Amino acid sequence: MPAMASRGRGRRTINEINMVPFIDVMLVLLIIFMVTAPMLTPGVVDVPSVGKSKNMPKVVAQVIVNRDGTLQFKTPEATRSLNQREIGDAASRWQKGQGPESAVVISADKGVQYETVVKAMDALQKAGVQRVGLSVKQGG
């Protein structure tokens, strides 16, 4: 019987995890990232600078895009709240009455979604408005 008892005591299970392969893989990944990071070029967007226009329009109407997405059409005579479908027709009628020297400027709040401004610009283009600009602040 003593032979059976010694057999059970001689083998023990190992309860530890070997960390060496994990560390090796992490070091290889770290080296790969350190080598490739300087090679990556960040995407640079060349934004046009804002300057004064040579021939400023004599009469200007504004399409104001508010923070909540509502649209207003502001002429020297009055300001009206319009929806997306009506803004193009109103701007086209106004511009035809003013002549070729008139322009429509889109003024949008800083927090407005880009899609709302593009939809307003698209409505003006579909209505046949000739001179459309974007209102910006000069400087930084």
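Modeller: Before we start, accessible areas here come from the Shrake-Rupley method with a 1.4 Å probe. The model itself is predicted.

Colleague: Good to know! What does the accessible surface of the protein chain come to?

Modeller: About 11,700 Å², and carbon and sulfur atoms account for 58% of that.

Colleague: And how many of the 140 residues count as buried, as a percentage?

Modeller: That share is 20%.

Colleague: OK, the fold then. How many helices and strands are there?

Modeller: The chain has four helices and five strands. Going along the sequence, the pattern reads α-α-β-β-β-α-β-α-β.

Colleague: In which order do the strands sit in the sheet?

Modeller: The order is S3-S2-S1-S4-S5, in an open sheet of five strands with mixed pairing. S3 and S5 (132–134) stand at the edges with a single partner strand each, so one side of each has no neighbour in the sheet. On average, neighbouring strands are turned by 25° against each other, ignoring direction.

Colleague: How do S1 and S4 run, parallel or antiparallel?

Modeller: They run parallel, and seven bridges join them. As an example, Val59 has Ser102 in S4 as its bridge partner.

Colleague: Which strands does H4 lie across?

Modeller: H4 lies across S1, S2, S4 and S5, and its direction is at about 165° to S4.

Colleague: Let's go inside. How many residues are in the largest nonpolar core?

Modeller: There are 18, and the ones with the most contacts inside that core are Val63, Phe73, Ile87, Val104 and Leu124. Two or more residues each come from strand S1 (59–65), strand S2 (71–74), helix H3 (84–98), strand S4 (102–108) and helix H4 (114–126). As background, nonpolar side chains tend to be buried together in soluble globular proteins.

Colleague: Why does Phe73 count as buried?

Modeller: Phe73 has 1% relative accessibility, and buried means under 20% relative accessible area, so Phe73 qualifies. Trp94 is buried too, at a relative accessible area of 9%.

Colleague: How many aromatic pairs does the structure hold?

Modeller: One. The pair is Phe73 with Trp94: their ring centres are 6.4 Å apart and the planes are at 80°, so this is an edge-to-face pair. Phe73 is in strand S2 and Trp94 in helix H3, so the pair ties together parts that are 21 residues apart in sequence.

Colleague: Nice. Now Thr75, is that buried or exposed?

Modeller: Thr75 is buried, with a relative accessible area of 13%. Thr75 lies in the loop between S2 and strand S3 (79–82). Not counting residues up to four places away in sequence, Thr75 touches Ala61 and Trp94, and Trp94 belongs to that aromatic pair with Phe73.

Colleague: What about Met56, buried or exposed?

Modeller: Met56 is exposed, with a relative accessible area of 55%. Its place is in the loop between helix H2 (20–36) and S1. The C-alpha atoms of Met56 and Ala103 are 9.1 Å apart, although 47 residues separate the two along the chain.

Colleague: Last one: among contacts between residues at least 6 apart in sequence, what share joins residues at least 24 apart?

Modeller: For the protein chain, that share is 59%.

Methods: Residues are numbered from 1 along each chain as its sequence is written. This is a predicted model: local features need pLDDT of at least 70, side-chain atom pairs count only at pLDDT 80 or more; totals for chains, interfaces and linings use all residues. Side-chain values use heavy atoms; hydrogens and water are left out. A nonpolar core is a set of buried Ala, Val, Leu, Ile, Met, Phe, Trp, Tyr and Cys residues joined through side-chain atoms within 4.5 Å. Buried means under 20% relative accessible area, exposed over 50%, partly exposed in between (1.4 Å probe, protein chains only). Contact means heavy atoms within 4.5 Å. Two strands pair if DSSP finds at least two bridges between them. Axes are lines fitted to C-alpha atoms, for helices over the stretch in contact, and angles run from 0 to 180 degrees between N-to-C directions. Rings of Phe, Tyr and Trp (its six-membered ring) pair if their centres lie within 6.5 Å; planes under 30 degrees apart count as stacked, over 60 as edge-to-face and the rest as tilted.
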